[in-house]
Amino acid sequence: MKRVEPAHPDANPAIVWLGFIAMCVGMFMAILDVQVVATSLPTIQSALDIGPDQMSWIQTAYLIAEVVAIPLTGLLTRLLTMRWLFVTAIGLFVTASAGCAASSSFGELVAWRVLQGFSGGTLIPSVFSAVFILFPNERQALATTIAGVLAVLAPTVGPIVGGWLTETYSWHWLFLINIPPGIASAILAARFLPRQAVDPSELRHLDGLSLLLMATALTSLELSLKEAPTSGWTSAYVLSLLAICLASGGIFIARSLRRRRPIVDLGNFADRNFLVGSTLSFVLGIGLFGSVYLMPVFLAFVRGHDALEIGMTMLVTGIAQLVTAPVAVALEKRMDARLLSAIGFALFAIGVGMSAFQDPRSDYDAMFWPQIVRGVAIMFCLLPPTRLALGTLPPDRIPDASGLFNLMRNLGGAIGIALIDTIIYTRSEPLGQNLWARLQAGDLGTAAFVGAPAEIVSSHSGSFDADATAMLDPLVQTAASVQAINEAWLVVAILTGCALLCIPFAKRPALT
């Protein structure tokens, strides 16, 4: 695929920017959709009379379809061109959003969510491909920043948007808000994105078996990660899914590496910088998705806040991102991407680790500075690794590489959330038992952490009577959950810090 040209020979940079901004709007809506729906699942469950054991499929169906679509972006770009892939994808996303809003049953909603997830999944890597295809080197940092800010801002503002829409209007508006901006971005993209001829001959090289193997591997991996925390990592169901994932994934990799025209070019991982950048993307997925997941869990189940209050608290991270973005752009043009990546991941690990010392009374004030540190760090965890991964590749390899790069972040997020859930599910009970033992020994420090009256615990030895036990039990359970959440924060911080180990292996990319 040759480097694309502007839509018109006399097109000025503003035309190209308009097309790119239209793509960013579509990507933002696709990412936002996941979070706004997550905050209002109980409302949807009640409205459609969905069983508790089925509710999670509203999100799981979207995420599985999305993770299958992301690596196919390169193939679809070669087939449809960047312009028509985006217009088609955003059109399907808008149609599926309308279908979700009009759904009257669980099955109907899940079917539309699959289409919504598949179409939305191609929008994210398409935008990051466009950065390196549409713009010269000196403009790529700014374009990456715009895309990056919107990509990480969407999960942050999602709880506010979802909570406000549900409380002010109805759950249908969680999907209807996608329609106006989706239509607008489709029109602008069709008008202003560069034009290329569609190449239907690409279908002749489509490897259907590889496509099936890849979809099977990714689907079984997502399902196993969803079930492992509750069913257990060694349960027959989870082990069976992981075995299917390994078998189909292994055959897919072997088959793809042998083919001259694979559906996904895994050869990109032979590029050292792409491999390092993708590893950083994977680790960022653990930290970014993990932090966006842990904060609502704590604020909802420990502090009892609703979606709108949670969103207002988490907005601090988004504001810090926006303030830092211009600084990140300026530094990215002047400093080694490896050094900026190291600074970013070190800061992000510190920001995550700062949240590992919460108690049951922690709220906005206690979460303020950890969010500031993470918000400042995020842009340095996104911009330089994106340049490391994609900035030195030839244009014809970028769509495939962008799909893999973004897939790594999503897989990191899925694995991170599964790990967090496992820690919370398995550690809460033993931590609770430990708290009871300390309270029974008269430990006033533990009493202060739990929030128990000092006069009940002081100088106490042995079991509490029935009244004291009934009063202390909910406090101990909450405190144990907080300790488990703190352990999850600490594990995510350590994993994020491990990203620093791979950065020295990258080659120094050219400055912009």
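Me: At what angle do helix α11 and α14 pack, and how far apart are their axes?
Reply: About 155 degrees, with the axes of α11 (residues 272-301) and α14 9 Å apart. This is a predicted model, where local features need pLDDT of at least 70, side-chain atom pairs count only at pLDDT 80 or more, and totals for chains, interfaces and linings use all residues. Residues are numbered from 1 along each chain as its sequence is written, and side-chain values use heavy atoms, leaving out hydrogens and water.

Me: How are the axes and helices set?
Reply: Axes are lines fitted to C-alpha atoms, for helices over the stretch in contact, and angles run from 0 to 180 degrees between N-to-C directions. Helices are DSSP runs (H or I, at least four residues), numbered from the N terminus.

Me: Are α11 and α14 roughly parallel or roughly antiparallel to each other?
Reply: Roughly antiparallel. The cut-offs are under 35 degrees for roughly parallel, over 145 for roughly antiparallel, 65 to 115 for roughly perpendicular, and oblique for the rest.

Me: Is the crossing left-handed or right-handed?
Reply: α11 passes α14 in a left-handed crossing. Left-handed means the near helix is turned anticlockwise from the far one by less than a right angle; clockwise is right-handed.

Me: Which residues in α11 and α14 meet?
Reply: From α11, the list includes F274, L284, L288, M295 and F298. From α14, it includes M367, Q371, I378, L382 and L388. Contact means heavy atoms within 4.5 Å. By class, the α11 and α14 contact has 15 nonpolar, five polar and one charged residues. Ala, Val, Leu, Ile, Met, Phe, Trp, Tyr, Cys and Pro count as nonpolar, Asp, Glu, Lys and Arg as charged, and the others, Gly among them, as polar.

Me: Q371, then. Buried or exposed?
Reply: Q371 counts as buried, at 0% relative accessibility. Buried is under 20% relative accessible area, exposed is over 50%, and partly exposed is in between (1.4 Å probe, protein chains only). Q371 sits in α14, residues 364-390.

Me: What is Q371 in contact with, leaving aside its neighbours within four places in sequence?
Reply: M295, T313, M314, V316, T317 and A320. M295 is also among the α11 residues in the contact with α14.

Me: Switching topic. How many residues has the largest nonpolar core?
Reply: It has 84. F20, I44 and F175 have the most contacts inside it. A nonpolar core is a set of buried Ala, Val, Leu, Ile, Met, Phe, Trp, Tyr and Cys residues joined through side-chain atoms within 4.5 Å.

Me: Which helix gives the most to this core?
Reply: α1 (residues 13-39), with 15 residues.

Me: What does F20 touch beyond four places in sequence?
Reply: F20 is in contact with V127, A130, V131, L134, F135, A143, I146, A147 and L193. There is also a second, separate core of 49 residues, which includes I286, L382, L388 and A488.

Me: How do α4 and α8 cross?
Reply: At roughly 165 degrees, with the axes of α4 (residues 73-102) and α8 (residues 179-192) coming within 9 Å. α4 and α8 are therefore roughly antiparallel to each other. The crossing is left-handed.

Me: Which residues in α4 and α8 meet?
Reply: R83, F86, V87, I90, V94 and A98 in α4 meet I179, G182, I183, S185, A186, A189 and A190 in α8. That contact has 10 nonpolar, two polar and one charged residues.

Me: What about α3 and α5? At what angle do they pack?
Reply: About 35 degrees, with the axes 7 Å apart; α5 is residues 106-134. α3 passes α5 in a right-handed crossing. By class, the contact has 13 nonpolar, six polar and two charged residues.

Note on methods
Helix = DSSP H or I, 4+ residues; strand = E, 2+ residues; numbered from the N terminus.
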